[in-house]
Amino acid sequence: MKIAFIVQRYGTEILGGAEYHCRLIAERLAPRHQVDVLTTCARDYVSWQNEYPEGADRVRGVTVRRFACSRVRNIKEFNAYSDWIFENRHSSQDEMEWLKQQGPWAPDLIEYLERHHPQYDILIFFTYLYAPTVMGMKIAPGKSLLVPTAHDEPALGLKIYEPVFQNAAGIVWNTESERRMITSKFRLRALVEDVVGCGVELPDAWMGSDVDDTSAASLVTPQDAREALPAHIDGPANAFRRRHRMHGPFLLYGGRIDPGKGCEELLEYFQHFLHDGGDASLMLMGVKLMPLPDDPRVRFAGLLPDQERLHALQAATVVVVPSPYESLSLLALEAFAVGTPVLANARAEVLVDHCRQSHAGLYYSDRYEFTEALKMLLKDPDLRARMGANGRAYVDANYRWDVIIGKYERMFTRLRGG
């Protein structure tokens, strides 16, 4: 089959979020199908400034067709317009103006899809929120799969999103909680739907583990958990610690370092933990979009290559996921996969579900719960080992790539048959 992915940004430099999720799926479908990605020339989601060259390119075995954005975003004007539109009565034209201001606005992408959609068997739209999905879903809804990557936010109250969800022939949910939330807001008519998520690589030494039941009655013992850890794991993890001079326990965050991802609150809560007698460091890896405090216990690792990022997750004592808005959280799943326990924001229902179902993480609602949960994890290596084994079992049962790609293939078959 020939498949087109439509997504707002795409590139190996873009880590985390729906764009990273899209790239992982596209790369694993490419050996089986002819895969194109239709996207913009933007790398930065704040301004949508054109940075990649227009035209076709090959990125890790996938053909990527880039189209220029016709306007950049003025984030202050857009935020002010958002405040107005979410609080006041308005027209459909007002909502279209909001969509244009939000960006990315790439008319040539939509024109290309209008002219060339007959050559594609399946169209897969990533993220409900942006103009390429809102405009592109109108073109051939009968062969369009929507991967909403949605969380509860004011934008879902806008009328422009009703046809996006109602007209999709298929919907690929990240989690059951995402499906519950969207079905409470929209009347869906999808021919096919499934809870799929995204695949996560388990290190080879952990594949085929006997720990495959994550029910509360089957939690592994501390001794079992220690035996499940491969002997070589200390090598790359300790090497990472030496390279970055992380000689004690540390929390790790990975992704956009941005107030919108909960990082401002994370820094505040971490200071509360330290003032309450806590002893640990905090490392943040990813793209920095906000200032960080001048504190030797707060470390900035920058944007790390894939392998180094994996070693960071292995080396961390605890991986913290502070975002209050998540539709899946690849960071949490990657931490589970390498056996590192997670401390997550309880305001994100998806993260709470992951922690409860996996028995591999704790969650917090305020700075006091953050501090107490972190102290509990840091002082109890047996608990961390037990949670680490449970996390690997959870990923092995639900997020292996063969499971994920199998679900996509079944949806393709059902959609074409329908």
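This is a predicted model: local features need pLDDT of at least 70, side-chain atom pairs count only at pLDDT 80 or more; totals for chains, interfaces and linings use all residues.
What is the volume of the largest pocket? It is about 1,400 Å³.

**Stop 1: the eight-stranded sheet**

Select the strands E3-E4-E2-E1-E5-E6-E7-E8, which in that order form an open sheet with mixed pairing. Look at the edges, where strand E3 (55–59) and strand E8 (192–195) stand; each has a single partner strand, so one side of each has no neighbour in the sheet. On average, neighbouring strands here are turned by 20° against each other, direction ignored.

Now select residues 122–126 and 144–147. These are strands E5 and E6, which run parallel and are joined by four bridges. Ile-124 stands opposite Leu-145 in E6.

**Stop 2: the six-stranded sheet**

Select E11-E10-E9-E12-E13-E14. These six strands, in that order, form an open sheet with parallel pairing. Strand E11 (298–302) and strand E14 (361–364) are at the edges with a single partner strand each, so one side of each is left without a neighbour in the sheet. Neighbouring strands of this sheet are turned by 25° against each other on average, direction ignored.

Inside the sheet, E9 pairs with strand E10 (residues 281–285) over five bridges, in the parallel sense. Tyr-253 has Leu-284 in E10 as its bridge partner. Next, show two helices. H10 packs on the sheet, touching E9, E10, E11, E12, E13 and E14, and its direction makes about 165° with that of E10. H12 lies across E9, E12, E13 and E14, at about 165° to E12.

**Stop 3**

**Stop 4: the largest pocket**

Select Tyr-45, Tyr-130, His-151, Arg-256 and Lys-261. Of the 50 residues that line the largest pocket, these lie nearest its centre. Then colour H1 (17–29), H2 (75–87), H3 (92–102), E9 (250–254) and H12 (330–337), each of which supplies at least two lining residues. H2 gives the largest share, six residues. The lining divides into 21 nonpolar, 17 polar and twelve charged residues.

Note on methods
Residues are numbered from 1 along each chain as its sequence is written. Side-chain values use heavy atoms; hydrogens and water are left out. On a 1 Å grid over the protein atoms alone, a cavity is a set of points where a 1.4 Å probe fits but cannot get out, and a pocket is an open set with protein on both sides within 12 Å along at least five of seven lines; lining residues have an atom within 4 Å of a point. Grid points are joined across faces, edges and corners, and a volume is the space filled by probe spheres set on the points. Ala, Val, Leu, Ile, Met, Phe, Trp, Tyr, Cys and Pro count as nonpolar, Asp, Glu, Lys and Arg as charged, and the others, Gly among them, as polar. Two strands pair if DSSP finds at least two bridges between them. Axes are lines fitted to C-alpha atoms, for helices over the stretch in contact, and angles run from 0 to 180 degrees between N-to-C directions. Contact means heavy atoms within 4.5 Å.
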